[in-house]
Structure formats: C-alpha cells, structure tokens
Amino acid sequence: MSDSKTPLGIDDVRHVAKLARLAISEDRLPQLQRELIAILGHIEQLQSIDTTGLEPMAHPLQLTNRLADDVPEAAMPVADLLRNAPATQGDFLVVPKVLGGESS
Amino acid sequence: MSAHSLDTNDLVSLRDDIRSRKTSACATVGAYLARIESQNPTLNAFRETFADDARASASRVDQAIAAGDPVGPLAGVPIAIKDNIVTRLGRTSCSSRILENYRSPFDATVIERLTTAGAILIGKTNMDEFAMGSSCETCAFGAVRNPWDTSRVPGGSSGGSAAAVAANLCAAALGSDTGGSIRQPASLCGIVGLKPTFGRVSRYGLVAFGSSLDQIGPLTHSVRDSALLYQCMAGDDHHDSTCAPHPVEDVVTTLDETPRTFRVGLPLQYRKGNSSAVDAAVTRAVEHFRTMGAEIVDVDLPLTDVGISTYYVIAPAEACSNLARFDGIRYGHRTASPSAQDLFDLYAQSRAEGFGPEVQRRIMLGTYVLSAGYYDAYYRRALQIRRLIKREFDAAFALCDVILGPTSPTAAFSLGGVTDPLSMYMCDVYTVNTNIAGICGISLPAGFDESGAARLPVGIQLQAQAFAEPLLFKIARGYERAQGGREQIAG
C-alpha cells in the first residue's frame, strides 16, 4: 500500500475494516471492495491536478486560536451523562477486561 | 379552541396572525399535529412529535400574548428539527440504529436560540443516516417520501425536514448541510433552503459529520422566513470555537432593499448534464434577474467537476474521525453478541451492527484515505485542491455578486432509482463546492418539471461570498417577488 494506483485488494479492505473497527463479514467484503474501487477510481482525477506549492486548506475560516475565559462553568451532572451508557456500575462505565484483551 | 385551517402557512404571516390573535398558538399547534398524524404514515418525514410539550408551550405563548407580555420574534410558530441536532425533548437518533434510543442531556445552541425566540418544537425529522445520502433512503427507519409524488425521494440528507415543510406539516424546519444536504432536498421539494457561511451558525449540539464542512440552516416556505430564522440563530457561541466572531447584520428589516443593480455570475460549467426542465428553470431565472436590473456576467469555475472527488476525500476522512466516538461504550448501541469478549470485538461488532451500509462505506473510505501511505496522495492533495476551489470562487466573486445555477441536475428521482453509490454522490455536483469553500448558498423554488406524470419542483441556487448573507437574502427575496412566490401542494 504505497501509491494511489495500486488496486485495492480484498486484504486491503479487510485491513481497513480492522483500522476502522468495523466487523465486516467475509461475504460482504467483495461488494464493498467493488464499491470502494469505483469511488477511488473516480477520485483518481485529483492526481491530474497540479498542486505544486499549494498550502493545504484544512478549514475554510482563517480563524486563529480563540481562548475561552478561564472561568469555571457548571458541568453536566454525572447521572445525566451516564443515562445513555449501555452498561454502568455506580458512576463507572462497564467494559470488557482491557489488559491482555486487545488482539491487534 | 377553534381549529386553524393553516391557509397562511409561511412562518412570518403565521407569527403575525398569532401575535394579532387572528389565530392562536394552540390552534396552530393542533392543526399541525393533525396534519402530521394524517400525512406522516405516508411521508415518514417525522421520527417523533412532541405533542404534549408543544401544546404546553403554545398555551404559554397564548397566555403571554393575551396578557400583553412581550414575546419573541418566533412566538408560537411550530418548527421541526432534523434528528442530528440534539434536543432534551425526545430522542436524537441521526436516523441510525446506533443512536436509536439516545436522549441528549442538553439542547443544541440553535435549539436554545429558537426556543428563546418563542419557537415551539413540534418534532424531530428523518434524515439519511448520519446525514450521509442524497435521497433519505439510507435512513435506518424507512425512506422518506416526496410530498409532490410519493413514489419519489425528497432528496437528502435533510429530506424529512424538506418534506415536512413542503407538505406544510410545520412552519419551518432546521437541517444541516455538509455537501448540499439542505439545498438539494429544498430543491427537490420546492421550498427555500439556506446553507449559511461556515462558522455563521453555532454547531454546538449538531452531531458532527464533516467538521470543516457542516453548517446548520433553515428550510422554509419563503425567503423572508429563511432570513428571520437565520437571524435568530446566527452569531458567536462560546460553546463552538469554530463559530465566527463577526457581528450578525440585520437581514430582516433590510430584506426588501434589493439593490437596483447587481451582477449575477453564470458559470458555463453549470450547464452540462442537467435535465431540460432544470436548464429551462435557470434560463427563466436569468430573465427574472435581467428584469430586476441585474447584469449577467460569464464566470469560470473549471474545478466544478473536481468538487465531488475532493469532497469524497475530505468528508469521509472527517466523518471516520468523528464517528470513531460511536463505540458502544459511553452511549449508543452495544453488541449483545457473546463473541465480543474483548474491547476490539466490542467496538467492531457494535459498530457493524449499529451503522448502516452507506455509513460503513464512508467510514471505510475515510479510513483508507487517511491510512499510512495514502494520506499525501489523497487527503493532503484534496486539501490543496480545496484551496484552488476557494481561489476559483474568489476570482468569480471579483466579477459578480452572486453565482446562479441549478441546485440539483434533475428533479426528484424515484425511490430505488439510483442504486450505485457513485451515481448518488453525483447528485451534489453543484452543492459540494459551497461547503468546500465555506461560502453561503440558497436554493429557491424555480418552477416545475412537467415531463412526467406528476409535476415535480425544480430549484435554482444562488451562491455568495462568505458572510454575504445580507446581500444573498436581498437578491433572493427580489427573485422570489419577481417569480411570484412558491406554489403550494394542493390539499
């Protein structure tokens, strides 16, 4: 995976799905591969435009950093923030065991 | 309480009638709720309505007016909210399974501003899932239908809001526009849709899609309504550091001051591949502008065609970063699968179950263009071309005050009529560059496509420089008057 012209292989799709944290089933990979190849094929037109010396424009507004006044504000109550959590215990979120859990 | 027939349905007239007690807020809310109840089973424009709260708010407005207390500029008018703008009332699902039961602990800044101005929240509207789509067919809870012809799409992603306004199920609605998601459905539904300048309206409480592109804006019955809602919402917000500190000029009282002369730019690149009805609408608009005293000038936007490619690098890149927060931990859907034993599987399975196909496709695309070895070839290059697109607009606006063209190349298409993702992306060829450059644009009703069995609305778009909303509104209002206002759906 080093230049934009390499065709997107099924292993690449599997790898990107892993990076994206999406458990995409094996039977859906070929169609997704075809769709991504079609979209990337169109996007390939960007390579034909001369961009020499152009500064990337990440944002349309040329705003400088804006600092908030250093004044404490009331935070949202913990109970309100936890109300949408799928699993809680007291004021904590419940997650699977972390240490030794991640396979990648 | 007498029933209200809603024969005045633009927001400003309705507001005036409520204030002068020709009708009441309670009767208005009742009439809209009845219309929603009868039409929503067909249109699927609303996710949910806030009947009890809306009636209670209406009653407070009526009491205040009866007591002679001062009321806000939106007092008593029912407004619908796209379901990616958070409200304490009800749920905010983004029309996605992953947020199906999400209840926000806070109101978005725009919600606070509208309700402070007296508006009544009537309900939340359906949308393409996470605002990713141009037809409202990616909605996880069923497609939305176009009220002009229910076999056709309303456009997207703010299609629920557009259909709700077009069918007169609310006085106005809010949408969000990342690449055309307010303007294109407004065009397909025959109403007015504004994408304000980037940074003009606070995004605090808008579920983020493309952070350098997203803007909230109104979908309305008229330009006057659009200007009023814009004015109530625009302006700095300390909760959103990307909000522009520029002062908000008065656009409401100056609205009818259409300049005696102004220049309308007509890009050659906007006249390719449109349906004949859309080209005819632009030609008619040119004549209206000439009658208004405008000078028509040719402008050149050769990068128009490159917009979709640029957009489909930048927007998915930003989306895959923003949507990383949906991981089944703090809120949203968590997989119940016993095979999700570790964190990785919990994330990956929750996300695969919760996100629909189009959202997954865009997350994949965004992850790919940002991944090692591809960042420079795609993302960095797209940001460089973004600068070229901005320069191209700057050069055009040196020659004209507004740029005129179609909003969408065609009128509404049939449900299921566009199945290939890339073809769907092409629907936004005239709208994405507005967001890429961060300028403002408005879609206006411009007649009908009469070539099929049902008459279908077509729209024109006017684009103006960043922060040129006051001029944009004046010219749009002049066009609206010259053109004779929008035609309502019969019945």
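Trainee: Which residue just after helix 5 of chain B takes a positive phi?

Mentor: Asn168(B) does, with a phi of about 55°. Helices here are DSSP runs of H or I, at least four residues, and strands are runs of E, at least two, numbered from the N terminus. This is a predicted model: local features need pLDDT of at least 70, side-chain atom pairs count only at pLDDT 80 or more, and totals for chains, interfaces and linings use all residues. Residues are numbered from 1 along each chain as its sequence is written, while chains are lettered from A and ligands numbered from 1 in the order written.

Trainee: How many residues of helix 5 of chain B are buried?

Mentor: A residue is buried if 20 or more other C-beta atoms, placed from the backbone, lie within 10 Å of its own. In helix 5, residues 159-166, eight of eight are buried. Among them are Gly159(B), Ser161(B) and Val165(B).

Trainee: What share of chain A counts as buried?

Mentor: Of its 104 residues, 13%. Chain A has three helices and two strands. From the N terminus, the order is α-α-α-β-β.

Trainee: How many residues of chain A are in contact with chain B?

Mentor: Two residues are in contact if their C-beta atoms, placed from the backbone, lie within 7 Å. By that rule, 49 residues of chain A are in contact with 58 of chain B. Helix 1 (10-19), helix 2 (29-43) and helix 3 (78-82) of chain A each supply at least two residues of the touching side. Helix 2 gives the most, with seven residues.

Terms used
Buried ≥ 20, exposed ≤ 12 C-beta atoms within 10 Å, placed from the backbone.
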